[in-house]
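The sequence and the structure are shown first, and the description follows.

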Amino acid sequence: MRTSPIGIILAAGAVACAGREGAAPVTRGSFGVTRSGQAVSVYTLKNAHDLEVRVIDYGGIILSLKAPDRAGRFADIVLGFDSLGDYERASPYFGAIIGRYGNRIARGHFTLDGKTYALARNNGPNHLHGGLRGFDKVVWDVTPFGGGASGGDSVGLVLRYTSPDGEEGYPGTLRATVTYTLTNQNELIFDYEATTDHATPVNLTQHSYFNLAGDGSGDILGHVVTLNAARFTPVDSTLIPTGTIASVNGTPFDFRAPTRIGARIGQNDAQLRHGLGYDHNLVLERNPGDTLTLAARVVEPSSGRVMEIYTTEPGLQFYSGNFLHGTLHGKGGVVYRHRYGFAMETQHFPDSPNQTAFPSTILRPGQQYRSRTVYKFGTAP
């Protein structure tokens, strides 16, 4: 089982620059009622620089994230919906916590300690993102913290969910905690923790779709991406890793130098054909002794907005919005057309429960799952 010594990671990252006003207190409002009758709340987080994040307790979904461009103009940079009903009916995991297992598990089954477990096959022949009712479709218990008259330098939410033994076919009762922290350094930090009473695979992540030019502003092909990855995990035609770890040299997956998303996405490449674009796990480079790694840097040239992603995870799924087809109407009625958003999902590798050569995702009783990812927002000239 993986563990990460994150107790001191970014100790300074959870506080603001000295001398600035504290973050605003968390506000809470109603966001409707689920089809099963559960009330859903929306929480607004705002730091001292007016960067604002709105989150609902259904799926831990990030509804909006307003960040400034180089001229100080704010725009919402994540895709999503205006209503809870749309999230229940049609969401491709917009903004949600993903679990128990982010990404795909081949043929919807795995064997653990001599026993085979069957999962939903909700993505062709495979299991995807926790199944028919994964962590993206449950209401989490939420406790806000920080901000207010006390001058707090960060503000956030602690989200908790207990997944019972057998939920979606997974063994063991899993107690998961995800903490969202917004700092005055314009960082949005995700801390994931979990414990179990029976061995089970766990691979938690966050599935926001970004367009740094602004939600609904067009496709993301002009965004310039740098990925700290010299290798990736090639996939078969159903997007399951073949088991090999390949070099990115000479492939469209080499983003070690800043490259537009659209620069090579149309090349005649078997891997791009499998994913209909980028939908692949990159193996992150890590120096010995590192905890957090700079995994990705994304720049949107017209606005100057920059997003950096740091993580304790070994992989990152780069997804270029290939399955957005103009059938979804998002916030304000905007039509989400092909490649109107991208996702960068920090993770362990897809299908790890069936791939013994990959880093293990098995959590056992007495162990604690811990992982951290940081989104840092800024601007470039």
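Arg-35 and Glu-88 form a salt bridge, with 3.6 Å between the closest N and O atoms; the term denotes a side-chain nitrogen of Lys or Arg within 4 Å of a carboxyl oxygen of Asp or Glu. The pair links distant parts of the chain, 53 residues apart: Arg-35 lies in the loop between β1 (24-33) and β2 (39-46), and Glu-88 lies in helix α1 (residues 84-90). Helices (H or I, at least four residues) and strands (E, at least two) are DSSP runs, numbered from the N terminus.

Arg-35 is exposed, with a relative accessible area of 64%, whereas Glu-88 counts as buried at 14% relative accessibility. Here buried means under 20% relative accessible area, exposed means over 50%, and partly exposed lies in between (1.4 Å probe, protein chains only).

## Basis of the description

The model is predicted: local features need pLDDT of at least 70 and side-chain atom pairs count only at pLDDT 80 or more, while totals for chains, interfaces and linings use all residues. Residues are numbered from 1 along each chain as its sequence is written, and side-chain values use heavy atoms, with hydrogens and water left out.

## Overall form

The protein chain contains 2 helices and 29 strands. Its radius of gyration is 20 Å, close to the 21 Å that the globule rule gives for 381 residues, so the chain is as compact as a globular protein of that length. The radius is taken over C-alpha atoms, and the globule rule is 2.2 Å times the number of residues to the power 0.38. Along the principal axes, the C-alpha atoms fill a box of roughly 55 × 45 × 45 Å.

Buried residues account for 57% of the 381 residues in the protein chain. Among contacts between residues at least 6 apart in sequence, 67% join residues at least 24 apart; a contact means heavy atoms within 4.5 Å.

## Other salt bridges

The structure holds 12 salt bridges. In one of these, Arg-372 is joined to Asp-191, with the closest N and O atoms 2.6 Å apart. This pair links distant parts of the chain, since Arg-372 is in strand β29 (residues 369-379) and Asp-191 is in strand β14 (residues 187-196), 181 residues apart. Both Arg-372 and Asp-191 are buried.

Lys-137 forms a salt bridge with Asp-136, the closest N and O atoms being 2.7 Å apart. Lys-137 is partly exposed, with a relative accessible area of 25%, while Asp-136 is buried, with a value of 5%.

## Aromatic rings

The whole structure has 23 aromatic pairs. Rings of Phe, Tyr and Trp (its six-membered ring) pair if their centres lie within 6.5 Å; planes under 30 degrees apart count as stacked, over 60 as edge-to-face and the rest as tilted. Phe-94 and Tyr-209 form an edge-to-face pair, 4.7 Å centre to centre and with 85° between the planes. Phe-94 is buried, with a relative accessible area of 0%, and Tyr-209 counts as buried at 3%.

Ring pairs link Phe-94 and Tyr-209 with Phe-81, Tyr-87, Tyr-319, Phe-323 and Tyr-336 into a cluster. A charge is also placed against a ring: the charged end of Arg-264 sits over the ring of Phe-255, 5.0 Å from its centre. For this, NZ of Lys or CZ of Arg must be within 6 Å of the ring centre and within 35 degrees of the ring normal.

Strand β24 (residues 315-319) pairs with β27 in the antiparallel sense over 5 bridges, and Phe-318 stands opposite Met-344 in β27.

Asn-281 belongs to strand β21 (residues 279-284) and is buried, with a relative accessible area of 1%. Not counting residues up to four places away in sequence, Asn-281 touches several residues, including Gly-315, Leu-316, Gln-317 and Gln-347.

Key:
Two strands pair if DSSP finds at least two bridges between them.
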